[in-house]
Amino acid sequence: MIDTYAGLDDAEIAVAAARAGAEVVRAGYGRRHARIEKGAGDFATDVDVAAEEAILAVIRAARPEDAVHGEEGGQRGAADAERRWLVDPLCGTLNYAVGSMLVAVNVALTDGPVAVADPFSGEVFFTREGTAWVRGEGGRGGDTPLAPTAATRLVDVNLDPPFPGAPAFRAVDLLAHPRFVEGFRPRVVSSTLALAWVAAGKRAAYVTDGNGLAGSVHFAAGIALCRAAGCVVTGVDGAPAGESGRGLVAAADAETHGALLSMIRRRG
């Protein structure tokens, strides 16, 4: 397998790893899956684990000295490794378990390229040298630069607990704001695939509560993708979305971002 990745740059490794995980996710769709309980209503499936192993196999073959932190397997490789990959093999496990295709496979090299794969469209959204692209199934049509736009007026809002920002910030309060109702239409995908959609112009924005999202296996790839595409990305408090930031507002443009932030700050 090592020869397969000889000469590939980190962006291509990220794409290959995300695609390997996506193939496992797609192949397992629609079957009955064993559940691994994590507590507080959260769980993984055998497909989460298998997809992470497929991703890990690509990274190990291509970059054997790198460390990997996976959603299911935790830290692998040397803790003091110079390079570390963040892996969420199946973002949207509950969706997947009930037969919904709204899931993503996230692979991110810290301070390097990232890739977000949609297992069912076959698209892989990725970054290279500060730019953002999408590649179709099997590379058909080549690579197309991502062009965010707020034209859809669709805003994805994550309503999954926990809600560390409450009571100052509650996503449901945003949805009830009169100006939100006038200017936008809410969607609830419950997967960070929505961040790739913001970068690609399929969504106007994405809003979520949470802490330390920029360094999270769930969010790191999507945040980096949005930034590379030229989206406006901050916490719900308007501060940079760093590892210690509050929540996330990722918008296609400054006008949309400012409008959403003004509604959030009305309470926060």
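This is a predicted model: local features need pLDDT of at least 70, side-chain atom pairs count only at pLDDT 80 or more; totals for chains, interfaces and linings use all residues.
Residues count from 1 along each chain as its sequence is written. Local features need pLDDT of at least 70, side-chain atom pairs count only at pLDDT 80 or more, totals for chains, interfaces and linings use all residues, and side-chain values use heavy atoms, leaving out hydrogens and water.

**Exercise 1.** Work out how helices H6 and H7 pack.

Solution. Start with H6 (residues 193-200) and H7 (residues 220-229): their axes sit 9 Å apart at about 5°. That angle makes H6 roughly parallel to H7, since angles under 35 degrees get that label. Next, look for contacts (heavy atoms within 4.5 Å). H6 brings Leu195, Ala196, Val198 and Ala199, while H7 brings Gly222, Ile223, Leu225, Cys226 and Ala229. Sort these and you get eight nonpolar, one polar and no charged; Gly goes with the polar ones.

**Exercise 2.** Find the strand partners of S3.

Solution. Strands pair if DSSP finds at least two bridges between them. S3 (residues 67-70) pairs with S5 (residues 84-91) in the parallel sense over four bridges, and valine 68 has tryptophan 85 as its bridge partner there. With S4 (residues 74-76), S3 pairs in the antiparallel sense over three bridges; here valine 68 stands opposite arginine 76.

**Exercise 3.** Is asparagine 158 buried or exposed?

Solution. Find asparagine 158 in the loop between strand S11 and helix H4. Its relative accessibility is 15%, so asparagine 158 counts as buried (under 20%; exposed is over 50%). Finally, its side chain makes a polar contact with the side chain of threonine 208 at 3.0 Å.

Terms used: Axes are lines fitted to C-alpha atoms, for helices over the stretch in contact, and angles run from 0 to 180 degrees between N-to-C directions. Helices (H or I, at least four residues) and strands (E, at least two) are DSSP runs, numbered from the N terminus. Angles under 35 degrees count as roughly parallel, over 145 as roughly antiparallel, 65 to 115 as roughly perpendicular and the rest as oblique. Buried means under 20% relative accessible area, exposed over 50%, partly exposed in between (1.4 Å probe, protein chains only). A polar contact is a pair of N or O atoms within 3.5 Å; within protein, one must be able to donate a hydrogen and the other to accept it, and residues adjacent in sequence count only if both atoms are side-chain atoms.
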